[in-house]
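Here are a few exercises to work through with the model open in your viewer. Try each one yourself before you read the solution.

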Amino acid sequence: MIYGMSVRSLAALMLLPVAPAFAASYRFGTVWDGDQVQKNVCLNTQGDKIQSVGACPAGAIDMSRYTAIPGMIDVHTHLTYVQENPVSLAGRGAAVVYLSAANAKKTLEAGVTTVRDLGAQNYSDIAMRDLINKGLMKGPRMFVAGYGVQVQRSTNVTPNTATGPAEVMRVVRLQMFAGADVIKMYGSTGSGQDVTQFETFTFEEMKAAVDAAHALGKRIAIHSYGPAGARDAVRAGADSLEHATDMDDATIADMVQRKTWYVPTIDHNRYYADNYKMLGYPTQAVGGLNDYIARNLATATKAWRAGVRFAMGSDVVYTMFGENTRELGWFVKAGMTAGQALKAATVNGAELLGQEKSLGMLRPGYFADVVAVEGDPLADVQVAIEKVRWVMKGGEVVMDKTK
Ligand SMILES: [Zn+2]
């Protein structure tokens, strides 16, 4: 109770209408809403949401030379992976958040308005998510994992390592209590120039992680470079399987039946091969990376034909930010139409995040996350990769190259 104010006047004060949210209208030549195409219509926003897609009011902003698509969703990022490592261990978390702001901005400007960030140190991902949500940092909406759960592989016990189902459950719960939105588990070796595929956690440990996550209403992504970890991750009930190459028919059939999402992240090894010198990899690492890419594409092709559900994940790190959507080119090589690839980067990503009623489509009530591209992305997916001209996130224009 505010001193001196009656109950009635206090209630009246609380019911005062807030200033109406800012409304805007944009006339597009084409709108692809995540499913349907409409020509020469207006996308009308109210505050951070889409109010309608249809008739144009007077004074609509002319964007008729562009096609609007939903803000894209990259479901496998590492926004906090920076190459610089300039400060003492004690200050590293803060320094990483500072340096990662550029990664977040480049990701947004590529037309990616939402990410699932799968693994960070010192909860720098949680800090970034909260800064972005408060408007204090420019970047995509982040759904974050905290530390990725790993098997202990050295004498150092770090906050993310676990051995045995009980320890796995403890580490998984720790991430959720720290504020993680999603759980990440490393179910095999393989990362960077290392393309080995050894299973690390057992089926029982993966099952413990899945059960601990699901018990508290969170989803879990399991990383496996190889087929054994993939088989057990799927069997354990992972919501999404990351990377996995050389999967057998039985695992792929299990994914179809369980509706497990497949995030093959083919393009990240392309990035490593292209940049091996800068990354300090030996020349012979390139052969291993290229061999892995070929098998990754072959596995994705097989999985797509079998009816596995895909979401777009780049596994973006270091200087790759801005190239997040190049994965879509690989999806088309794996057999998708451009429209199917775009769905993997919009509606499918939203569904994997459990946000299918608010993200991934240009429909009334959804967040006004919109990308304007120049050309027809349904005819040529490269348009969505290379011809992004304007990006809106939550009703706010965050990148504009239309002028
Ligand atoms: Zn990753």
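Buried means under 20% relative accessible area, exposed means over 50%, and partly exposed is whatever falls in between (1.4 Å probe, protein chains only). Helices (H or I, at least four residues) and strands (E, at least two) are DSSP runs, numbered from the N terminus. You're looking at a predicted model, where local features need pLDDT of at least 70, side-chain atom pairs count only at pLDDT 80 or more, and totals for chains, interfaces and linings use all residues. Residues are numbered from 1 along each chain as its sequence is written, and side-chain values use heavy atoms, with hydrogens and water left out.

**Exercise 1. Find the buried residues of H6 and say what covers them.**

Step 1: go through the helix and pick out Gly229, Ala230, Asp232, Ala233, Val234 and Ala236, which are buried.
Step 2: look for contacts, meaning heavy atoms within 4.5 Å. The cover over these residues includes H5, strand E11 (219–224), E12 and H7.
Step 3: check what comes after the helix. Gly237 follows H6 and has a positive phi, near 100°.

**Exercise 2. Work out how H5 and H6 are arranged.**

Step 1: For H5 (residues 203–215) and H6 (residues 227–236), the axes come within 9 Å and cross at roughly 40°.
Step 2: classify the angle. Under 35 degrees is roughly parallel, over 145 roughly antiparallel, 65 to 115 roughly perpendicular, and the rest oblique. H5 and H6 are therefore oblique to each other.
Step 3: list the contact. From H5, Phe203, Met206, Lys207 and Val210 meet Gly229, Asp232, Ala233, Arg235 and Ala236 of H6.
Step 4: sort by class. Ala, Val, Leu, Ile, Met, Phe, Trp, Tyr, Cys and Pro count as nonpolar, Asp, Glu, Lys and Arg as charged, and the others, Gly among them, as polar. The H5 contact with H6 comes out at five nonpolar, one polar and three charged residues.

**Exercise 3. Which residues of H7 are buried, and which exposed ones sit on the face turned away from them?**

Step 1: in H7 (residues 249–258), Thr251, Ile252, Asp254 and Met255 are buried. They span an arc of only 155° around the axis, so they lie on the same side of H7; the arc is taken from the directions from the helix axis to the C-beta atoms.
Step 2: the face turned away from that buried side carries the exposed residues Asp249, Ala250 and Gln257.
Step 3: covering the buried residues are, among others, H6, strand E12 (240–243), strand E13 (261–263) and helix H10 (284–306).

**Exercise 4. Where is Asp246, and what is its phi?**

Step 1: Asp246 sits in the loop between E12 and H7.
Step 2: its phi is positive, about 65°, although Asp246 is not a glycine. Most residues other than glycine have a negative phi.
Step 3: with a relative accessible area of 31%, Asp246 is partly exposed.

Terms used
Axes fitted to C-alpha atoms, helices over the stretch in contact; angles between N-to-C directions.
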